[in-house]
Amino acid sequence: MQAKSDLNKELSFEDFKSQVLNDYKIAVTSRECSLLGRREVLTGKAKFGIFGDGKEVPQLAWAKAFKNGDFRSGYYRDQTFMMAIGELTIAQFFSGLYANTDLALEPMSGGRQMGGHFSTFSLDDNGNWNNLTKQKNSSADISPTAGQMPRLLGLAQASKIYRNVEGIDTTKFSVEGNEIAWGTIGNASTSEGLFFETINAAGVLQVPMVISVWDDDYGISVHARHQTTKENISEILSGFQRENGSSGYEILRVKGWDYVALIETYQEAEKIARTEHVPVLIHVNELTQPQGHSTSGSHERYKNKERLSWEAANDCNVKLREWMIETGISTDEELIELEKSIKKAVREGKKAAWDAYLNPLLKERTEASNIITQVATSSSNKVFINKINNELLAITEPNRKDVASACRRVLRYVISEESSAKTQLLQWIDGFFNAVQPKYSSHLHNETASAATNIKEVKPTYDTEKEDVDGRVVLRDNFDKIFSKYPQSLIFGEDSGAIGDVNQGLEGLQEKYGELRVSDVGIREATILGQGIGMAMRGLRPIAEIQYLDYIMYALQIMSDDLATLLYRTKGRQKAPLIIRTRGHRLEGIWHSGSQMGGVLNLIRGIYVLVPRNMTKAAGFYNTLLESDEPALVVECLNGYRLKEPKPTNFGEFKTPIGVVETLKEGHDITLLSYGSTLRIVHDVAKELQQIGIDAEVIDAQSLLPFDLNHDVVKSIAKTNRLMIIDEDVPGGASAYLLDKVLNEQNAYEYLDSKPLTLTAKAHRPAYGTDGDYFSKPSAEDIFEAVYGVMHEVNPKDFPKLR
């Protein structure tokens, strides 16, 4: 079941009729899946349903223009399109609805996303790239409205890079930059800032991007008059229309039920975008949503009788059916028979999907029940155990939760008993979790040999007589080596291009490598991230620069919802090895305080968070990441660019290991753990403490996600028996995260003779200026006195009260 797209050659009437009938078959199949899917939710077999009914015909037209190598970045209404390009079957549709964890049966996400979220395989079983030019590609959807838009920009920009930058191996990724990135969005979601930011950026960049706005007049229950000025998105965007040779958009408008006009419109959009690299917006209006927004409610609650009557008459499938009869393509009787056969096929596909989902669960329940029966036989609590077993067996359609819960509750009744059956139950539970947990938890990070944490440290080398240079020079010369070594690498951000970034870490590199590889962009952090995600998904190695750590807030949603989850939500079948470069630490003023680390750590699991103390360490992280294929955030020290560092001789080769701490000073009295700019203060204070007889061990965390994979911190605490974590984040932020890692993962409490302490910034952000920093974040005196206080408690005789 796939739409035919050979519209550029002459067709006989019979061939044309065959194509139209095939399209109608796909449209009706998709609609029946939506209707039956809603019933599956309402009867309890599925948790939630959100479907593409009412959007079938325009998606058929779109599919005809979509070619191998193209990418989709859409939202949860595009099921007809996925069926039309041959990437979604009836059984797969229902497997997604049931959340089947078998990727072979539910290839969209292996049950990790609700139905309506679609993707294709960009990677093979080993995490290597497939040939993306030989397949039709769908980037993995996310639910947040308009969240697909920033990624769309990057997917389109990749074609521009591949077309215009020489030296890149494009074999698996592009054919002369001819690929289009196709986006879809509901008309209500065009109210989101991410939509407007993307629209503007694509117009500036002039990339091959086609956006379809599915306009059915509503956003859930809210009419367009509350959503969009003039109730018309294409009208208010009309200023973007290109004219008289100016750059901009081609804006096309078409009715969503007009089969012929839709095909013509999408063919026109494809030609413009593919050949001219001009973005196109298609406003598809007069669409309907026959079942309302989702299974959470009924649209009869907010649509009046007139609207409902209009929708019934102007449903795109109904209009297509009428046109087919009017033009003699088919008869009412023939279509009735076709529709009956489709209903039967959808029911059969649904049943096959349900059986494939349920049968493994029934088998697991049988195994567990048999063991529970044996446990009951030898237990004094047989009555209670049998009750649990009978309750489990009474569930006609069990979940894995039901099976696991029953087995674990049985254990409570045999706590004091010993039997071979109990041992077997314990082993079965452990084996069950070992087998099942990865179905829901795998692929937060790369699980192949190319994982960044597998890359070993390569230390910087130096001339015999070391030359001290500004830290920014180390970065600059290392980036120079990177761009020479990796033709597919590029960097872009605010002030990154012409002036070589605000701290001159890219000085002169735009002139050397060109504006496409070292680029200035507008003030639009979310789409800077989106550019990076999309290009990384197409085989490039982008470095997206966010000027300051505080500005990450503008891009945090995209980082959290899209980039951080991509590998996880595709179960290892898509990746975006984007490097995010920013600078922070010891900043001045409320809006440059660098106090978001705790929030960042908790919101972007799936992205490495690296906090180098100097520019050599930062450069080493970039080298490590480019040898791997995982996303990361690198936070450079803002006050380190002018500090002197020895100049390495092996630029592009030395590597800072990820997840490994470094001990800068050994000691035996207390372990001091910190990172970034604050670490330098800690290191200096440790020398002052030594002058009064306190020998502190100083450890640089280096990376926060992941943190200390070798558990070296607890080895230090085993020696010192004391711990203090010093951090410039707010109380309960990154320091609390580190304390949890050390105490609960590394079990450092076993070695502590004193209460573990955290020394953080104040709860507020710093006021502007030097004094604002001094009285808001840990100062040298704060650290000295806090450490002294610990030693005073331990030995008040040698360390009398200081203040």
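These legends go with a handful of close-ups of the model above.

The model is predicted, so local features are described only at pLDDT of at least 70 and side-chain atom pairs only at pLDDT 80 or more, while totals for chains, interfaces and linings use all residues. Residue numbers start from 1 along each chain as its sequence is written, and side-chain values use heavy atoms, with hydrogens and water left out.

**View 1. Helix α1 packs against helix α2.** Here α1 (residues 13-42) and α2 (residues 56-65) pack at about 130°, and their axes are 10 Å apart. Helices (H or I, at least four residues) and strands (E, at least two) are DSSP runs numbered from the N terminus. Axes are lines fitted to C-alpha atoms, for helices over the stretch in contact, with angles from 0 to 180 degrees between N-to-C directions. That angle makes α1 oblique to α2; under 35 degrees counts as roughly parallel, over 145 as roughly antiparallel, 65 to 115 as roughly perpendicular, and the rest as oblique. From α1, look for Gln19, Asp23, Ile26, Ala27, Ser30 and Arg31, which meet Glu56, Leu60 and Lys64 of α2 (contact means heavy atoms within 4.5 Å).

**View 2. β7, helix α8 and β8 build a right-handed β-α-β unit.** The helix in this unit, α8, spans residues 259-276. Right-handed means that, with the strands pointing away from the viewer, the path from the first strand over the helix to the second runs clockwise. Strands β7 (residues 250-255) and β8 (residues 280-285) run parallel and are joined by 6 bridges; two strands pair if DSSP finds at least two bridges between them.

**View 3. An open sheet has 5 strands.** The order is β17-β19-β18-β21-β22, with mixed pairing. At the edges sit β17 (662-665) and β22 (757-759), each pairing on one side only. On average, neighbouring strands of this sheet are turned by 25° against each other, direction ignored. Zoom in on β18 (residues 670-674) and β21 (residues 723-726): they run parallel, with 3 bridges between them. Leucine 672 stands opposite methionine 724 in β21.

View 4. Proline 706 lies in the loop between β20 (703-705) and α23 (712-720). You'll find lysine 571 in the loop between α19 (566-569) and β13 (579-584).
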